[in-house]
Structure formats: C-alpha cells, structure tokens
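Dear colleague,

Please look through the sequence and the model before reading on.

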Amino acid sequence: MPARTAPRLAARAAAIPPSATAALDARAKALIASGADVVNLTSGEPAFPTVPEAARAARTAISEGRTTYTPAAGIPELRQAAADHLNRHGTAYRSSELVITAGAKQALHHTFTVLLEPGDEVLLPAPYWVSYPHLIALTGARAVPVQPGPGLKVTPGAVRAAVTDRSRVLLLNSPANPSGVVYSRDELAALAQVAVDHDLTIVSDEICDHWVFGRASFTSVAALSPEIAERTVTIGGVSKTYAMTGWRIGWAAAPAPVADAVTALQSHTSSAPSSISQHAALGALTADLRHELEQRRSELDRRRRITVQALGNAPGIRVDGDPDGAFFLLADVTGTYGSQSAGRTITSAADFAELLLTQANVAVVPGADFAAPHHVRISYTVPTAQLRDALDRITRFTRALTTGA
Ligand code: PLP
C-alpha cells in the first residue's frame, strides 16, 4: 500500500490564517461553555435579536415554497429594496446595479475577484478589518497599508504618497472596523478625489451605515458626486443593521459592467444566496422599522459612552480616535507595557489581551491583525450589566498592574 499523505494544499491556502477575531471569539465562547465566568468583548455583531419582520418573512417563504434557486443577482424585489436603502443616503442606484450576495464578505470577495489582476495594489487605510488583506491576496493583488494620522484617520496626502503605477483600488470603510471612526463628508470627498486624480476604483465598505452616533453623520461615498459614483463599488448588507449576521445577506452596488461581472461570478460560485434569507432581508428592508432601529441605536450609543468613560479611568489605557460609529473602539495599551501580572511582563497588546483573559476573564482582540499592534479592539455591544462588569474588571486589572501587584 502506498504511504498515506494528506492532500497538498495550494500556496494560496497556506497563506490564509483563520480570522483572528473568529479565533478569539471561539476561544472566549469555549471558555464560557466550560463554565468560566468570561465576558466576551470580541464580538463582531450587535447583541440584539434579528428583527422579527425578517424571521416572519422567512417563515412565509418556507411555507409558500419559495425555496428554489433565485436569479443569480438575487430576487428583483430585494435588489430594488437594497437600492432604495442605499438611495436614502443620496445615491442614485438602479436595482440592476445591485447584486445580492451571501453577506458583505462575499460581496467583497467577488468584487476584488472581478476588479484585480495579479500584481495590482489596493490602498488600504490602516487600521483595517482583518479580512481585507486576505481577500485581496486571493486575487494575486497586494494590500498596501496607508498609515493613519492623528485620530486614526488617513489623510489624502498619505493616500496620494502610497499611489504607484500598480495602484488600482482605494478601499474606504466608514464607519470603520476596528476603530469605530467615522469620516466626515469633506474627509471622504478629499479621499475620493485622490481616486479620481489617479484613476482608481473605490471600494466603499458601508456595512455599518446605520451605526453612527452623536454629532457624527454617515456619508455614502457614491453619493458624493456622479463622477465618484461611476468609479465606486458600494458594499453593504443587512447583517449589522438588522442583527442578521447569520442570515448571510449583503450586496455590492456598482456600475453595470462590475455588477454584471459579479453576477456572472456568483452564478458559478454559489448560484445565489439562500432564497429564504433573501426573503427575510426583504422583510426587514421593507418594514417600517425606524422606531425600533432608532431605539437600538440609542441603546448602543449609551453602551459606547459608558465604555469610553470607564476606560478613561483605567490606567495605561487610552481610547484612540473618536469612536463615533460601528460598535468597536481601539484602546492603546502601550501605557501598560513594562508592568506585570501573574509574574509576566506586558510587552505587547497580545500580552495585554492574554493576561486580561486569563487574569481578569475579559476577552478582547489584540490589534496586530488589524495593523494596530499597540491596541486592543473592544466591542461594546454586550448588554449593559455585562459591559459594566467587564469594564470594572478591566479597570481593576490595570490598577493592579500599575501598582505592580
Ligand atoms: N465589512 C466589515 C468592515 C465588517 O466588520 C464585516 C463583519 O464583521 C463585514 C464586512 C462582513 O459582513 P457580513 O457579515 O455581511 O459578511
């Protein structure tokens, strides 16, 4: 018998580690399942239930047998509802420019696949969401991080300085994961102008369009001008707004040649997203949920303010940038470097996160994979009692550190 060997993986598979956030979330959940009193602040989803209108529409779709393949770009009513959703932000999308995908993640994957050639470069403002560089690398292109200035925002000058003759795409993500920063309309217009000047396509990930707080306001990049819309692919979906992460419905909205190419690709990769989930998303998008969504927004805003205030009392920790959106913030932990807990010296954000988990039972994500090596990402979406408990633990942990206990 020939020796048994595992199938050889392609180099591209070997280059893709599992998502750091998913790994930490899984570790925290496993600890909780084993009875440990851990508070999990790693989550990438709002801690609200899926809006009931979505679940109702899904049940109806099942009972009425709307369970067969749909058109590859999604059911026409949902494409229209998604276009209407976007156009409320001032864009002018036609439903034919919308492709419904299995989450914003698949929309990004398909968009990069149809836009990028091997060797192309994507300008990626740092800190960035963990999946972007891997989704880009899968196409043979390369992510070129652009370092932020004060407030964790990139400047047009920094983006311009990173442009080469291989630059093809500028990625924008506001509200941003992991920092929670929200770019103003003027800031986005100035960044988009760089794309216009250098003939770049803009991929604007607007998955957290609903989660904007205080005086900040959301701007959709494609609403800036028709000239900018022509070179923009808008990524979005229902995952975060309607607490529908598990339903896997997102979209790419783009000029017809890009939308058609994404549709053709999708017709081979998944045929289309789940018909049941598409009907659920349609239920959410067409119901009048303004009151419910507004309540959720003010609840999350309250949790955000509690978090920022409490972290202000934690020695060695500094909230960086203005976390005016999404449901995360980045805390700079360099102030804890050199101090000790359980006989271990903290020399990195990864050490900080590890000790916080093992000594204080709070899970946060170290920022290295977000290109924020001295920060940890804190997701403040958990219910208030748990959040306050976690923030107390963080404060006690850091106080013990700074007193050398
Ligand atoms: N884009 C960003 C910035 C995200 O944070 C996430 C999810 O965490 C996604 C895209 C993926 O969204 P979806 O669940 O719709 O695939």
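How many helices and strands does the protein chain have? The model, which is a predicted one, has 14 helices and 15 strands in its protein chain. The radius of gyration of the chain is 22 Å, close to the 22 Å that the globule rule gives for 405 residues, so the chain is as compact as a globular protein of that length. Along the principal axes, the C-alpha trace spans about 70 × 60 × 55 Å.

On burial and surface, 54% of the 405 residues are buried, and the chain exposes about 17200 Å², of which carbon and sulfur atoms supply 53%. Among the contacts with a separation of 6 or more, 74% are between residues 24 or more positions apart. As for charge, the mean positions of the 36 positive and 36 negative charges are 5 Å apart.

Some details of the backbone may also be of interest. The peptide bond from Ala126 to Pro127 is cis, with omega near -10°, and Pro127 sits in the loop between strand S3 (121-125) and helix H6 (131-137). The bond from Asn177 to Pro178 is cis with omega near 20°, and Pro178 belongs to the loop between strand S5 (167-173) and helix H8 (185-197).

Asp199, in the loop between H8 and strand S6 (201-205), is a residue other than glycine with a positive phi, near 55°, and is exposed, with a relative accessible area of 57%. Ala342, in the loop between strand S11 (340-341) and strand S12 (344-345), has a positive phi near 50° and is exposed, at a relative accessible area of 55%.

Note on methods: Residues numbered from 1 in each chain as written. Predicted model: local features only at pLDDT ≥ 70, side-chain atom pairs only at ≥ 80, totals over all residues. Heavy atoms only, no water. Helix = DSSP H or I, 4+ residues; strand = E, 2+ residues; numbered from the N terminus. Rg over C-alpha atoms; globule rule 2.2 N^0.38 Å. Buried < 20%, exposed > 50% of the residue type's maximum accessible area, 1.4 Å probe, protein only. Contact = heavy atoms within 4.5 Å. Areas by Shrake-Rupley, 256 points an atom, 1.4 Å probe, with all protein chains shown as cover. Lys, Arg positive; Asp, Glu negative; His and termini not counted. Charge placed at Lys NZ, Arg CZ, Asp CG, Glu CD.
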